[in-house]
Amino acid sequence: MSIVIKHLSFTYSAHTPYERKALENINLEINEGDFLGIIGHTGSGKSTFIQHINGLIKPQVGEVEIFDIKLTPEKKPKVNLRKLRSKVGMVFQYPEYQLFADTVEKDVAFGPKNLGLSADEVAKRVKQAIEMVGLDYEAVKDRAPFELSGGQKRRVAIAGIIAMQPKVLILDEPTAGLDPFGKEQILNLIKYLKTHCSPTIIVISHDIDEITRFANRIVVFNDSHIAYDEPMQQLFKHSRQLQKMGLDIPRAVKVVNNLRARGVDLGEEIVTAEDLLKAIIKRYNEAHSTDIDENAGIFDMYDFSQKWLTSEQREELGLITRKEEPKDEKSHKVGKKFGLKNDKKIKPAKKEVESKSKDKEDKE
Amino acid sequence: MREISFGQYYPVKSFVHNIDARIKILITLMYMVSVFFIVSYTTFFCMFFLLTIIIAISRVPFRIVFKSINGLLFLLIFTAIINIFFTSSGNVLLSIPLGKLAINITDQGINFAIKMALRFSLLVLGSSILTFTTTPTELTDALEVLLKPLTYIKIPVHDLAIIMSIALRFIPGLMEETDKIMMAQKARGANLDSGNFFKKIKAMLPVLIPLFVSAFRRADELADALDARCYNASSKRTKMKTFELKVTDVISFLVFTALIVLIFLDKYYIGGVVQAPDLGGFEVQGLDIFVHRLIMKITG
């Protein structure tokens, strides 16, 4: 058990007209290796909660135990916060706004230096962290962080945290304000960090489709309480309640729910687009005794319909029938494979193709 | 989010909150000037009594109003002590020899020091009631109206008012931003509150630089937004909320004027200094003379 939170409550500006309750009797255990997603409305207490894990807020009521460090409302014994922060890394919303040094290298070195490491160790970690976030160390180390693009700045800021090599990494809205391409890169980076840097990762996000792509457990905050704490596959049994709280549910779950309402039950455990596609292909194979590969990944629905459906069926399903074949054979093929995976050298041109095929899948 | 601090607007509904902001500013100004004319303890007592009533009516808790003095307590005590040491008139109570010179503590010195402290607290309390009960927007709007005559001598009052309201509007945002950046740097192991003065300043750089960057960015964005909506400060503008005098405004203004008349009567009409023999020749001033006589009569 790496993080244990017991009976945690917190109120802002207590005993004034500005009083606002942020957390009320929160109990949670976060295990080593968890890929935890936290969702909830603005003001539901999720940001206050994660600030407790990093010792940035002292608990008012209850206690927080991180590894062997215990945070309590009492003043004594004094807690070694620096030690705590070397174990728990925190990437705030818009982390690029915290960059201050005149070169990327110095900025990334700020954290490890504060940990009191030797110069050699700091230099080693800085190089490692910059490379880990997918930037070219030699090319960026002497540049001013303010010259970089939005996505690059964010990656430098994240490098500043992972250079401290935290065991637990917390990210607050890591993709906010980025374009779809930048988002994709950050998401892939987070997945990469999970295996190569911090085994436990906690992510706050508004975008549920984003969270379901990697989380294995989701905690839902509502009105300063924890409403749900479930493995990702189980959470969306509560779709209706989640929507009542004003929270979005993944698009794939919406499709499954709509189908169920019309009498087609694809099962409970579908969360991502890929799950949905697998289930549909499986159903199709059963019904038509065909053997389409379930693990083919998401591909062009046009190809699919051309290959497996008759023109009557297509018409019945209301599928768009394109008259001419797409001219650019090459770009079309790229769209067959969904996702950018870990390919960092990907060119923006692919992005368009990918979003096109995604659109089609949504229509279905 | 920050804890509530001194001088911040306190959002409740009350008679005092409701008074026209222009009247409130005028009253406060008159009040602040007249505080310097108070001579007798009797008037001080009247003023404190009135302030207590006003605070009670305003429904701002006393605890919070008196917090505003807390921060200035050092200044208050310091000025009072200076006064004690540098007044030489009156009867010497204690003499501290300092080489050839001697510092004399006199009854008049103590008298002045106490009055100074009272004046100071009256000033702080009075002005904080204004900021507790008036929103920053009301304040700037009212100031703009009150300063209108200055436009005749080519002072851009509206521009100044808009600058002031934008500045006020930005303060909470920047505070929040500071909090956020401080947290972010603390999370990176920054040590922001230990070491000597220069070390502390150096440690604040990782907070100050991003803060300035973001302040400039915000200012830029706001300027663009104003431009995009064709904002022009020099053209004639109308207000969404206009001030209208109510009967209660006039009444509160008159009540205050009466009090100020009392203060001036005290100083210039009743005036006078009487040495009270029963107090060892201590000089009694203004209305205190009457009160002193009254007490003498009752006690015989």
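Modeller: Two residues count as in contact if their C-beta atoms, placed from the backbone, lie within 7 Å. Take contacts in chain B between residues at least 6 apart in sequence: 70% of them join residues at least 24 apart.

Colleague: What makes this a model to read with care?

Modeller: The model is predicted, so local features need pLDDT of at least 70 and side-chain atom pairs count only at pLDDT 80 or more, while totals for chains, interfaces and linings use all residues. Residues are numbered from 1 along each chain as its sequence is written, and chains are lettered from A and ligands numbered from 1 in the order in which they are written.

Colleague: How do you know which parts of chain B have the highest and lowest confidence?

Modeller: By pLDDT, the predictor's confidence in each residue, from 0 to 100. Chain B has a mean of 84, and 96% of its residues reach 70 or more. Over residues 1-6 of chain B the value is below 50. That stretch still has 12 contacts in the model beyond near neighbours in sequence. By element, helix H2 (residues 21-35) of chain B is highest at 92, and strand E3 (residues 273-276) of chain B is lowest at a mean of 75. For the complex, the predictor gives an ipTM of 0.75 and a pTM of 0.70.

Colleague: How many helices and strands does chain B have?

Modeller: Chain B has 11 helices and 4 strands. These are DSSP runs numbered from the N terminus: helices (H or I) have at least four residues, strands (E) at least two.

Colleague: Which elements of chain B touch chain A?

Modeller: 21 residues of chain B are in contact with 25 residues of chain A. Two or more residues on that side of chain B come from each of helix H8 (157-187) and helix H9 (197-228). H8(B) gives the most, with 7 residues.

Colleague: Why is Phe45(B) called partly exposed?

Modeller: Phe45(B) has 14 other C-beta atoms within 10 Å. Buried needs 20 or more other C-beta atoms within 10 Å, exposed 12 or fewer, and partly exposed lies in between, with C-beta atoms placed from the backbone. So Phe45(B) falls in between. Phe45(B) sits in helix H3 (residues 41-58) of chain B. Its C-alpha atom is 9.6 Å from that of Leu118(B), 73 residues apart along the chain.

Colleague: Why does Lys154(B) count as exposed?

Modeller: Lys154(B) has 6 C-beta neighbours inside 10 Å, so it counts as exposed. Lys154(B) lies in the loop between helix H7 (136-147) and H8 of chain B. Its phi is positive, near 65°, in a residue other than glycine.

Colleague: What class does Gln165(A) fall into?

Modeller: Gln165(A) is partly exposed, with 19 other C-beta atoms within 10 Å. Gln165(A) is in the loop between H6 and E7 of chain A. Its phi is positive too, about 50°.

Colleague: Which residues have the most contacts inside the largest nonpolar core?

Modeller: They are Val108(A), Ala159(A), Ile162(A), Ile170(A) and Val203(A), in a core of 86 residues. Helix H6 (residues 150-162) of chain A gives the most, with 6 residues. Membership means buried Ala, Val, Leu, Ile, Met, Phe, Trp, Tyr or Cys joined through C-beta atoms within 7 Å. Not counting residues up to four places away in sequence, Val108(A) touches residues including Val126(A), Val156(A) and Ala159(A).

Colleague: What makes strand E6 (88-91) of chain A an edge strand?

Modeller: E6(A) pairs on one side only, as does strand E10 (225-231) of chain A. Pairing takes at least two DSSP bridges between two strands. The open sheet has 6 strands in the order E6-E7-E8-E3-E9-E10 (chain A), with mixed pairing. Within it, strand E3 (residues 35-40) and strand E9 (residues 217-222) of chain A pair in the parallel sense over 5 bridges. Gly40(A) stands opposite Phe221(A) in E9(A).
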